[in-house]
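Thanks for asking me to look this one over.

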Amino acid sequence: MLFLSLIFAKPLLSASPNFERAYYYFLMSQLFTDNATDVEKNLKKALELSKDSFFLRKMLFSFYLQNNKLEEAEKIGENLYKKYPYDRDLVFLMSKLYLQQERPNRAMGVLEKYMEKNPRDDEILSFLISLYLQQKEWDLALAKLDALSKRHPDAYAIWLFKARIYREKKDQVSAKNAYLKALELAPSNKALLVETLRYLESISSFEDIEKILQDYLVKNPEDKDFLRLLLGYYLEQKSWEKSEKLLKEYLEKNKDQPEFLFYLGLTLEYKNKLEEALKIYAEIPVGSPWHLEAQKRSFELFKKQDLKLAKKFLDDLKAKGLDEKSYLLFLAHAYEDIDECEVGAEIALEGLKKYQEDPDLSLALASNYACLEDYQKVLEVVSPLLKKLPEDAYILNFVGYSLVELGREFEKAEELLLKAEKIKPNDPYIEDSLGWLYFKKDDLEKAKAYLEKAFKNAKTDEPVIWEHLGDLYLKLQKKKEACELYKKALEKTVHKREKNRLLEKVKACP
């Protein structure tokens, strides 16, 4: 509060010949605030020495208000208000006094009087409108705002508050028109623009959203935030043609924009222009934060076309020697995805030389070892992580499942997997591990419950889950259901070991 004393030193100084002593007591009231009695005493002493100081009387009024001495506050406040009805700070204090006295109409009256002379004071207007809304005096609020707008037709804040009131009244047409009028009066006000867009989105007025964003970008073509908004709107509406047109026009005028190149590639993907999308992704330079995202998208496109093309793409990227952790992680997992798990493991091991004991790279290494069905190595990698991260459901599941595959320590495996399930319920991978554990323990009832839940909760193709459930059905003499799952899993798997195992099971089917 010391800075306030410096700001108001001049009014104090001019108010009384005893200004030095008054100033001293004022400072004492601001510096030593632990004892409310002392604060009041010092303010009163300052006022005795500078009786006409409006600032000191206002400070004493504020003190009474803060300390809930409402009678004293009202006495000093109303005397001040008679002389200074348009002082902004005093208006705030008076309205707060009346609110604390549960006299909202008096509070609104003080604010309304002030607004007649100061219609552009958004903060006071906001306070006033919030009171109207609390009292549900919507029609009164609209009448006051209408009167203000006639005197000040270009005050956008009046229309903004009208829009908010109509929104509370659920009058969508009037709310929309008021928002649009406010925006017409203040087209460059970003906060207003965002609020208007949110409201229009809530009432699904998509044509208005598009027009507003287009108009804004014509005047502010370099504003990337609003370009992203319009782009996001097009992508959400699946307006691929408009998205492509917008991005190509922008990129023609603004070169070296990796982010928007990436979104152009994504748009072309959705339009099934895959070759063109790949060319765009290839233009995004190394060093840009969007480069890795572009590589991920390119890999997915190649993977859908041909695994050999996907492998060549990864080999070319690997040859560039990009040794940032994010690239190493991507490569380790991507090689695993195309059943090149030896390479994936090598990359993870190289990464761990630079990023020692990194949990993400350790898990990538373990995942590749699991792909190679070397569960002893999986345990060697993951067990130390469990000591550091005992509440990580993913790690608990990794260790538990590995023990099950190794056919040992089933009790420990069960303990770890049940803990993982508690931390992350309804996770299909944890449910599959538990189901597989109970299958190995010959507890077929529990195995069925968990494996069927895993099958139901899996959001993507999961050949391992399908195979496990198929093995269970086979054991339950449901050969037809088992064979359907084996065939489904065989069709989707890319891993040689899984494929060979499933092929033998399918051969045994009718």
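1. Let's settle one term before anything else: a residue is buried when its relative accessible area is under 20%, exposed when it is over 50%, and partly exposed in between (1.4 Å probe, protein chains only). On that scale, buried residues account for 48% of the 510 residues in the protein.

2. A word on what you are viewing. This is a predicted model, where local features need pLDDT of at least 70 and side-chain atom pairs count only at pLDDT 80 or more, while totals for chains, interfaces and linings use all residues. Residues are numbered from 1 along each chain as its sequence is written, and side-chain values use heavy atoms, with hydrogens and water left out.

3. The fold first. The protein has 31 helices and zero strands; here helices (H or I, at least four residues) and strands (E, at least two) are DSSP runs, numbered from the N terminus. The radius of gyration is 35 Å, well over the 24 Å that the globule rule gives for 510 residues, so the protein is more spread out than a compact globule. That radius is taken over C-alpha atoms, and the rule is 2.2 Å times the number of residues to the power 0.38. Along the principal axes, the C-alpha trace spans about 105 × 55 × 50 Å.

4. Next, contacts and surface. A contact means heavy atoms within 4.5 Å. Of the contacts between residues at least 6 apart in sequence, 49% join residues at least 24 apart. The accessible surface is about 27400 Å², with 51% of it belonging to carbon and sulfur atoms; the areas come from the Shrake-Rupley method with a 1.4 Å probe.

5. How many positive and negative side chains does the protein have? There are 85 positive and 89 negative ones, and the centres of the two sets lie 4 Å apart. Lys and Arg count as positive and Asp and Glu as negative, with His and the chain ends not counted. Each charge is placed at NZ of Lys, CZ of Arg, CG of Asp or CD of Glu.

6. Side chains of opposite charge can pair when their charged atoms come close. With a salt bridge defined as a side-chain nitrogen of Lys or Arg within 4 Å of a carboxyl oxygen of Asp or Glu, the count comes to 46 salt bridges. One of them joins Asp-139 and Lys-169, at 3.0 Å from N to O. This pair links distant parts of the chain, 30 residues apart: Asp-139 sits in helix α10 (residues 138-151) and Lys-169 in the loop between α11 (156-168) and α12 (172-185). Asp-139 is exposed at 55% relative accessible area, whereas Lys-169 is partly exposed at 33%.

7. Other salt bridges stay within a helix. Glu-249 and Lys-245 meet at 2.9 Å, N to O; they are four residues apart in helix α16 (residues 240-253), or about one helical turn. Glu-249 is partly exposed at 40% and Lys-245 is exposed at 53%. In helix α22 (residues 341-354), Glu-350 and Lys-353 are three residues apart, about one turn, and their closest N and O atoms are 3.0 Å apart.

8. Do look at the network of salt bridges linking Glu-241, Glu-244, Lys-248, Lys-271, Lys-273 and Glu-276.

9. Lastly, which residues does Gln-172 touch, leaving aside those up to four places away in sequence? They are Tyr-199 and Ile-203. Gln-172 lies in helix α12 and is partly exposed, at 45%. Gln-172 and Tyr-199 are 27 residues apart in sequence and 9.3 Å apart in space, C-alpha to C-alpha.
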